[in-house]
Amino acid sequence: MRRIAKFEKVSEERFLADFTDAFPEYTREQAGDIYEALRLPERATRGSAGYDFFLPAACCLKPGETVKIPTGIRVRMEEDWVLQLYPRSGLGFKYRLQLNNTVGIIDSDYYYSDNEGHIFARITNDSNEGKVLSLNAGDGFMQGILLPYGITEDDSAEGTRNGGFGSTGR
């Protein structure tokens with residue numbers, strides 16, 4: 001296997017700003033404790049393709065509810081690679097947990113954005129069976145798979161990224 005990427009935490013200041021924006025009920029001091037406890041994504045077994053991402057704080061989602069998760073994580077990867085994000089399959093199967101953008105795409109140049117390439121996820125409990133989804137801090141909730149990609153022979157892209165969530169179309 002080629003080693004083409006490295007997960008890192010974003011800076012504490014970046015995390016505090018993003019986390020307290022998403023979860024205003026937490027103080028900066030509480031968010032600082034959460035930052036210290038962040039786990040980098042990891043594979044569960046040698047045969048796992050996906051790197052599990054872990055929740056920074058507990059959340060409870062009733063059917064139809066959504067939450068934005070600042071993971072505190074960024075990824076540096078070789079050019080011509082992409083990180084694709086999916087819900088953990090067990091959560092999708094049991095609760096119809098969905099990423100709101102279906103599949104998250106983290107491009108290699110996102111690492112250099114003003115927001116430090118901070119990876120976010122917006123998740124929804126899409127249960128049609130009335131199931132409430134309760135997750136604890138540190139629970140795995142999504143997985144990332146690193147994949148190579150190609151470009152067309154006549155590609156002429158010269159733009160640079162600064163941000164995420166549609167920033168390349170601005």
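Author: The side chain of asparagine 125 reaches the backbone oxygen of lysine 131 at 2.8 Å, a polar contact in the sense of a pair of N or O atoms within 3.5 Å, where within protein one atom must be able to donate a hydrogen and the other to accept it, and where residues adjacent in sequence count only if both atoms are side-chain atoms. The model is a predicted one, in which local features need pLDDT of at least 70 and side-chain atom pairs count only at pLDDT 80 or more, while totals for chains, interfaces and linings use all residues. Residues are numbered from 1 along each chain as its sequence is written, and side-chain values use heavy atoms, with hydrogens and water left out.

Asparagine 125 belongs to strand β9, residues 120–125; strands (E, at least two residues) and helices (H or I, at least four) are DSSP runs numbered from the N terminus. Asparagine 125 counts as buried because its relative accessible area is 0%, where buried means under 20%, exposed over 50% and partly exposed in between, with a 1.4 Å probe and protein chains only. Apart from neighbours within four places in sequence, asparagine 125 has contacts (heavy atoms within 4.5 Å) with Leu61, Lys62, Pro63, Gly64, Glu65, Tyr95, Lys131, Val132 and Leu133. The C-alpha atom of asparagine 125 is 10.0 Å from that of asparagine 100, which is 25 residues away along the chain.

Glutamate 8, in strand β1, counts as buried because its relative accessibility is 18%, and a polar contact of 2.9 Å joins its side chain to that of tyrosine 111. With neighbours within four places in sequence set aside, the residues in contact with glutamate 8 are Leu40, Gly72, Ile73, Arg74, Arg76 and Tyr111.

In α2, residues 28–37, the buried residues are Ala31, Gly32, Ile34 and Tyr35. They lie on the same side of the helix because they cover an arc of only 160° around its axis, the arc being that of the directions from the helix axis to the C-beta atoms. Glu29, Asp33, Glu36 and Ala37 are exposed on the other side of α2.

Tyr35 also takes part in a cluster in which ring pairs link it with Phe15, Phe19, Phe23 and Tyr26; rings of Phe, Tyr and Trp (its six-membered ring) pair if their centres lie within 6.5 Å, and planes under 30 degrees apart count as stacked, over 60 as edge-to-face and the rest as tilted. Phenylalanine 15 and phenylalanine 19 are both in helix α1, four residues apart, or about one turn of the helix. The rings of phenylalanine 19 and phenylalanine 23 are stacked, because their centres are 4.9 Å apart and their planes are at 25°.

Elsewhere, four strands make an open, antiparallel sheet in the order β2-β11-β6-β8, with strands taken to pair if DSSP finds at least two bridges between them. Its edge strands, β2 (51–54) and β8 (104–107), each pair on one side only. Four bridges join β2 to β11, residues 140–148, in the antiparallel sense, and tyrosine 51 has glycine 144 of β11 as its bridge partner.
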